[in-house]
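Here are my notes on the model, point by point. Have the structure open while you go through them.

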Amino acid sequence: ALAALPPRPCCDAPPCKSSAHALPHPDTPVATEEEVEEYLSRSKILLFMKGSPESPRCRFSRLAVEILRQHQVEFDYIDVLEHPSLRLALQARWPTFPQLYSEGVLLGGSDQLKELASQGELLNALSSSTGREKASL
């Protein structure tokens with residue numbers, strides 16, 4: 001059997017020791033699709049992130065919040081570190097966090113938000129069904 005290789009950092013920075021990158025406990029049940037849809041149905045714009053907007057626990061979540069605030073977007077959030085069952089279920093849809101949903105449609109993470117914002121398409125993607133369809137993953 002092949003031994004698992006240790007994870008390699010994506011750059012020369014020292015590995016992050018934040019618990020935000022730790023995987024949920026192996027016994028954590030995965031939220032059902034119905035539970036995920038229930039959360040999505042409660043908010044027009046919902047950001048699943050690590051931490052809170054006031055205290056993001058990773059730079060990507062911080063960037064997503066900054067972009068949304070720069071565009072004066074009102075949004076709800078869920079801290080996936082506090083909801084590991086949701087975190088596991090959502091990773092089946094998109095492997096990383098944050099994840100931004102508009103009316104239940106996944107628009108993407110911080111890279112996608114940055115791209116939409118730089119193209120002047122973010123507000124359209126958040127407010128228009130046609131814009132959401134074009135921007136959705």
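**Notes on the fold and its contacts**

1. Let's start with the sheet: four strands, open, in the order β2-β1-β3-β4, with mixed pairing. The edges belong to β2 (76-79) and β4 (105-108), each with a single partner strand, so one side of each has no neighbour in the sheet. On average, neighbouring strands here are turned by 25° against each other, direction ignored. For the terms, strands count as paired if DSSP finds at least two bridges between them, while helices (H or I, at least four residues) and strands (E, at least two) are DSSP runs, numbered from the N terminus.

2. Some housekeeping before going further. This is a predicted model, where local features need pLDDT of at least 70 and side-chain atom pairs count only at pLDDT 80 or more, while totals for chains, interfaces and linings use all residues. Residues are numbered from 1 along each chain as its sequence is written, and side-chain values use heavy atoms, with hydrogens and water left out.

3. Now the overall layout. The chain has six helices and four strands, and from the N terminus on the elements run α-β-α-β-α-β-β-α-α-α. Of its 137 residues, 39% count as buried (buried is under 20% relative accessible area, exposed over 50%, partly exposed in between; 1.4 Å probe, protein chains only). Of the contacts between residues at least 6 apart in sequence, 67% join residues at least 24 apart; contact here means heavy atoms within 4.5 Å.

4. How do β3 and β4 pair? Strand β3 (residues 99-102) runs antiparallel to β4, over three bridges. Within that pairing, Ser102 stands opposite Val105 of β4. Two helices pack on the sheet. Helix α1 (residues 33-41) touches β1 (45-49), β2 and β3, and its direction makes about 125° with that of β1. Helix α3 (residues 84-91) also touches β1, β2 and β3, with its direction at about 80° to that of β3. Axes are lines fitted to C-alpha atoms, for helices over the stretch in contact, and angles run from 0 to 180 degrees between N-to-C directions.

5. Look at the inward residues of α3 too: Leu86, Arg87, Ala89 and Leu90 are buried. The buried residues of this helix pack against α1, β1, β2 and β3. Note that an arginine, Arg87, is on that buried list.

6. On to the cores. The largest nonpolar core has 18 residues, and Leu47, Leu68, Leu100, Leu122 and Leu126 touch the most other members. (A nonpolar core is a set of buried Ala, Val, Leu, Ile, Met, Phe, Trp, Tyr and Cys residues joined through side-chain atoms within 4.5 Å.) At least two residues each come from β1, α2 (59-70), α4 (110-118) and α5 (122-127), with α2 giving the largest share, four residues. Apart from this core lies another, of 13 residues, among them Leu40, Leu46, Val80 and Leu86.

7. Leaving out residues up to four places away in sequence, its contacts include Ala64, Val65, Leu68, Phe75, Ile78 and Leu100. Asp76 and Gln99 are also among the residues that Leu47 touches.

8. How many salt bridges are there? The count comes to five (a side-chain nitrogen of Lys or Arg within 4 Å of a carboxyl oxygen of Asp or Glu). Glu33, Glu37 and Arg93 are linked in a network. Glu33 meets Arg93 at 2.2 Å, N to O, and this pair links helix α1 with the loop between α3 and β3, 60 residues apart. Arg93 also meets Glu37, at 2.7 Å, N to O; Glu37 is in helix α1, so this pair ties together parts 56 residues apart in sequence. Glu33 is partly exposed at 44% relative accessibility, as are Arg93 at 25% and Glu37 at 36%.

9. Another of the salt bridges joins Glu38 and Arg42, whose closest N and O atoms are 3.2 Å apart. Glu38 is partly exposed at 40%, whereas Arg42 counts as exposed at 55%.

10. Last, the aromatics: a search of the whole structure finds one pair. The ring centres of Phe48 and Tyr101 are 5.6 Å apart and the planes are at 85°, so the pair is edge-to-face. Phe48 lies in strand β1 and Tyr101 in strand β3, so parts 53 residues apart in sequence are tied together. Both Phe48 and Tyr101 are buried. The rule: rings of Phe, Tyr and Trp (its six-membered ring) pair if their centres lie within 6.5 Å, and planes under 30 degrees apart count as stacked, over 60 as edge-to-face and the rest as tilted.
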